[in-house]
Amino acid sequence: MKTSFSTPILRRHWVRCLPLQNIRRISQAAEEYASYSHSKPVVTFEDAGLRPPLAKAIYTAFPNVKTPTEIQSTLISNVMKGKDIILQDETGSGKSFGLILALLNKPRLAFGSGPRDRKAVTSLVLVPHRDLAFQMLHWIELIVRASAGTPPPLSSIAQVLVREGDRHLTEGLPLVRTHPPHILIATPASVMEVLREDPDAFRLKELSTVALDEVDYMIETLPLNSSNNRRHQQKIQALEKHPGPARALLAEIYKDRAKLNAGSREVMVDAPSHSPQLIMSSATIRRQLKHFFFSEKQYLNREVVKIRRAVMRLHGQNELMTDQLAMHSVVSHHVLVASDDGIVNLPSAVTAEDQGIPRLSFEEPKNVEPLETFPTLSDIDPAVETRSIEFSMTPSPLNQNSLEAVAAVFALDVPSVALLVIPSETSVHRAVYDLREMGVNAHGMDLLVQDRGRTYLLKADAEPSKTNPTLLVCTSSSIRGVDLPALTHVFILGLETLLAKDNWTLTLDTYIHLCGRVGRFKKHGKVITVVEKKTVSGIEKILSTLDITPVRFNAFG
Ligand SMILES: Nc1ncnc2c1ncn2[C@@H]1O[C@H](COP(=O)(O)OP(=O)(O)OP(=O)(O)O)[C@@H](O)[C@H]1O
């Protein structure tokens, strides 16, 4: 039965070489710095170009989403035109959400005609880690469920391909192969692994769109201003030798396009055929990344559409400039120094009143849920008991003074959900165990992989129970891009490992993205960095570069 949600089907008769005009069409749009000047003001998603049934389902699924932002409407119209796009806006401004809506709106690809037609994956969305993949799937699930008529199965619209605990990646493969989804959300490593095992799992060349969300996190690039330095040269060689899965995947998908862009299109009559629309998105897209896409690899040319707003203009260590819009004014930054002597504020911190910051007030949670809707730790991970015994017998590698500072602020200040970010190489299980021993209701981010956890944490219109606030623990490598609507506080531990010595912009970008988990869509938030005495200068340098004045926590000296 045809439902009002089902995507229209674009039939493509597969030919090895499309005519040259089609090749041109792929990258034809004149370079367009989004001016947002629409002939008719965009007030609805329908005006922006979404099909009415899809727009209706969005309004039903997300009551807080009423109109598209300017960025989103520009994105949607350019996605529909098939243009390559660079999308850059501050964290929490709706880039990933807008991207998913635009891709849902694309016509579904099918090859051949009649009963023998074969559906194909229309869009491949590449994300840096599984939690972001599940978040996107959750958004799509809500929209599909809210669609009129009999909603199509979620798996026909979207599937996720990521590593998930002990489950072997190829377990999800038969479904991708026999019932390709409209949108496949995956990490680059998973795609590479799956295609190594089964090159026909899905056909990269048939994709209509490849979107890289948090692109700068997936593609490592080096600063451009130290190219003569010997160490830098060694790093370039190392990157060429071990390019990482995202680079390797792009090389596979876009090898023909790179040749095409490098040569003259006019003379390449036998030019290779199709290459998917390429979209990349992040709050922090540096010059070095653009250099990679344009000059080094020739994946993009000057015809790409750049959609940008409120972007940090950081061009390298010597020419740092900040754009005050890039760090949210609705976020206050706090630094606590934890040691055996106790917990104190950074000496340079000012009071909120001195800084002219209005007292941050967090809305009372609506729709308080019964506690039992929250999965318990052992529901999620049956190994928790065994690990607890092991942890109780071994000293913790984590700095207990810092954890105690987190526990104290959590108890004093957090209304419902806070996030604790620990360094990538640190055990989340251990941190959860230590915090629970301190009486904190701590959970690992594994919650997002569970249906119940997702429903609970990713709700846009309801906030989890205030009676038992939750501290989610994750590492800095698994939090990029994640949107937790009820989140009010971000704690950062282990800053010294974030201070990339010879890549200062990387340090700043990491801090910007961690802070960007709060202050989303103009909601208030606090970032509390807990440091040891030896790291005080590191956080001071980050804050002064970003033109941020730290604010005192009145409870501490
Ligand atoms: N048009 C809209 N109206 C209201 N809320 C919106 C709209 N678009 C997105 N949102 C909400 O804004 C939040 C942030 O969205 P999203 O994760 O897409 O931001 P982002 O720009 O990708 O952030 P990051 O750079 O951190 O990845 C989500 O909770 C989403 O529901």
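Helices (H or I, at least four residues) and strands (E, at least two) are DSSP runs, numbered from the N terminus. Residues are numbered from 1 along each chain as its sequence is written. This is a predicted model: local features need pLDDT of at least 70, side-chain atom pairs count only at pLDDT 80 or more, and totals for chains, interfaces and linings use all residues.

**View 1. The loop at Q298.** Q298 sits in the loop between α14 (287-296) and β11 (305-308). Its phi is near 60 degrees, a positive value in a residue other than glycine. Most residues other than glycine have a negative phi. Q298 has 16 other C-beta atoms within 10 Å, so it counts as partly exposed. A residue is buried if 20 or more other C-beta atoms lie within 10 Å of its own, exposed if 12 or fewer, and partly exposed in between; C-beta atoms are placed from the backbone.

**View 2. The segment at D547.** D547 lies in the segment after α22 (536-545). Phi of D547 is also positive, near 60 degrees, in a residue other than glycine. With 13 other C-beta atoms within 10 Å, D547 is partly exposed.

**View 3. The whole chain.** The protein has 22 helices and 18 strands. Of its 557 residues, 43% count as buried. Two residues are in contact if their C-beta atoms, placed from the backbone, lie within 7 Å. Among contacts between residues at least 6 apart in sequence, 81% join residues at least 24 apart.

**View 4. The contact between the domains.** The protein is divided into domain 1 (29-311) and domain 2 (331-545); these bounds come from an automatic or database domain assignment. The contact takes 25 residues from domain 1 and 22 residues from domain 2. On the side of domain 1 that touches domain 2, the elements giving two or more residues are α6 and α10 (215-218). Helix α6 gives the most to that side, with 6 residues. The residues of that side of domain 1 divide into 9 nonpolar, 9 polar and 7 charged. Here Ala, Val, Leu, Ile, Met, Phe, Trp, Tyr, Cys and Pro count as nonpolar, Asp, Glu, Lys and Arg as charged, and the others, Gly among them, as polar.

**View 5. The largest nonpolar core.** A nonpolar core is a set of buried Ala, Val, Leu, Ile, Met, Phe, Trp, Tyr and Cys residues joined through C-beta atoms within 7 Å. The largest one holds 127 residues, and I140, I185, L420, V421 and F491 touch the most other members. Helix α6 (residues 130-145) gives the most to this core, with 9 residues. Domain 1 and domain 2 each supply at least three residues to the core. Leaving out residues up to four places away in sequence, L420 touches V406, A431, L471, V473, F491 and L493.

**View 6. The shell around the ligand.** The ligand is surrounded by 22 residues, and the closest are T91, G94, K95, S96 and F97. A residue is near a molecule or strand if its C-beta atom, placed from the backbone, lies within 6 Å of it. Helix α5 (residues 95-105) gives the most to the shell, with 3 residues. The shell residues divide into 8 nonpolar, 10 polar and 4 charged. Domain 1 and domain 2 each give at least three residues to the shell.
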